[in-house]
Amino acid sequence: MIPSIKQSSRFNAIYTSYLVAFFIFLAAPLIVVGVFAFNDSLFPSFPWQGFTTDWFFSSEGEKVGIFFDSELLDSIGLSVGIAIVTTFLAISVACTNAFLFERFNFPGKSFLYMLMLLPLVIPGVLLGVSILVFSSEIANYLEDYWFIDLEFLRPGLTLVVIGQFAFITTICTLIISARLKKFDRSLEEAALNLGASPLMAVFTVTVPFLKPAIIGAAIVSFLMSFENFNTTFMLVGSDAPLTVAMFERLREGSTPVLNAISLLLMLGSGVLAIINMTMQKKSS
């Protein structure tokens with residue numbers, strides 16, 4: 001709808017109704033999950049049995065809250081560790097990629113750029129299966145013919161980090177590259193004229209300019225890694241990150257403790273999103 005073109009009242013009513021219905025459709029499942037995190041029942045479903053905070057703080061009986069559920073707490077810590085490692089690797093490589101594709105021309109640049117974008121169009125399950133099959137073939141070959149057992153090539157946390165890194169790096173590269181395109185290179189030239197080395201000019205002039213994009217990319221990377229399921233599920237070993245642990249709980253029979261942790265995840269994601277948007281507004 002073009003705001004400058006005057007629309008009929010009937011059209012405006014239909015358009016407003018569509019927007020309201022659309023946002024209700026998006027928000028309703030999240031609201032239901034949040035509400036049933038406080039349901040005084042062993043099952044996250046109707047009827048409503050009363051208000052309780054046991055699914056957060058209880059440490060006894062059948063209602064063990066999320067803050068006293070050692071299995072889920074361990075899985076949260078594992079997911080945080082994976083997200084931190086993945087984010088560090090993704091941001092490091094994404095910064096390098098951004099400078100490579102924005103500052104240099106070389107043979108095969110377009111082809112390499114297409115390869116970088118490829119993980120975005122590959123379903124997470126296929127990406128996980130491909131990495132798993134490829135790494136397992138290498139591990140089996142080395143073990144059968146060279147008697148070398150490389151455990152990190154088997155399903156486990158290392159492969160989870162590699163799988164998440166494969167597509168998250170692409171997203172981080174696009175975010176940082178978009179910011180780098182706006183940079184005025186005359187600022188670097190001024191630093192060079194004042195006696196700075198090329199590397200010093202980059203770290204003292206360009207990197208501070210990229211700081212909002214780097215932090216924003218890091219937040220996106222952390223959230224995507226922490227909440228990833230498809231790729232993680234195909235590559236995980238005996239140690240289960242949060243998303244896989246929640247899936248296993250659902251298979252056994254869901255309780256409102258999963259609603260409680262989902263509510264905490266929504267709040268945490270919302271806080272990080274607000275921080276990201278605030279930083280982007282300040283930098284624009």
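A crossing of two helices is right-handed if the near helix is turned clockwise from the far one by less than a right angle. I kept that in mind as I opened this predicted model.

**Entry 1: two helices**

I looked up α3 (residues 70-103) and α8 (residues 198-227) and found that their axes come within 8 Å and cross at roughly 140°. The two helices are therefore oblique to each other. I noted the crossing of α3 and α8 as right-handed. Where α3 meets α8, I read off 16 nonpolar, 6 polar and 1 charged residues.

**Entry 2: salt bridges around R249**

Next I turned to the salt bridges, and the count comes to 6. What does D69 pair with? I found its side chain in a salt bridge with R249, at 2.9 Å from N to O. D69 sits in the loop between α2 (54-57) and α3, while R249 belongs to helix α10 (residues 242-252), so I was looking at distant parts of the chain, 180 residues apart.

E71 also meets R249 in a salt bridge, at 3.5 Å from N to O. This pair joins helix α3 to helix α10 across 178 residues. I wrote down D69, E71 and R249 as a linked network of salt bridges.

Buried or exposed? I checked D69. D69 is buried at 10% relative accessible area, and R249 is buried at 16%. E71 is partly exposed at 48%.

**Entry 3: R154 and E143**

My last stop was the salt bridge of R154 with E143, whose closest N and O atoms are 2.6 Å apart. R154 lies in the loop between α5 (124-145) and α6 (157-180) and E143 in helix α5, so the pair ties together parts 11 residues apart in sequence. R154 is buried at 18% relative accessible area, whereas E143 is partly exposed at 33%.

Technical notes: Residues are numbered from 1 along each chain as its sequence is written. This is a predicted model: local features need pLDDT of at least 70, side-chain atom pairs count only at pLDDT 80 or more; totals for chains, interfaces and linings use all residues. Side-chain values use heavy atoms; hydrogens and water are left out. Axes are lines fitted to C-alpha atoms, for helices over the stretch in contact, and angles run from 0 to 180 degrees between N-to-C directions. Helices (H or I, at least four residues) and strands (E, at least two) are DSSP runs, numbered from the N terminus. Angles under 35 degrees count as roughly parallel, over 145 as roughly antiparallel, 65 to 115 as roughly perpendicular and the rest as oblique. Ala, Val, Leu, Ile, Met, Phe, Trp, Tyr, Cys and Pro count as nonpolar, Asp, Glu, Lys and Arg as charged, and the others, Gly among them, as polar. A salt bridge is a side-chain nitrogen of Lys or Arg within 4 Å of a carboxyl oxygen of Asp or Glu. Buried means under 20% relative accessible area, exposed over 50%, partly exposed in between (1.4 Å probe, protein chains only).
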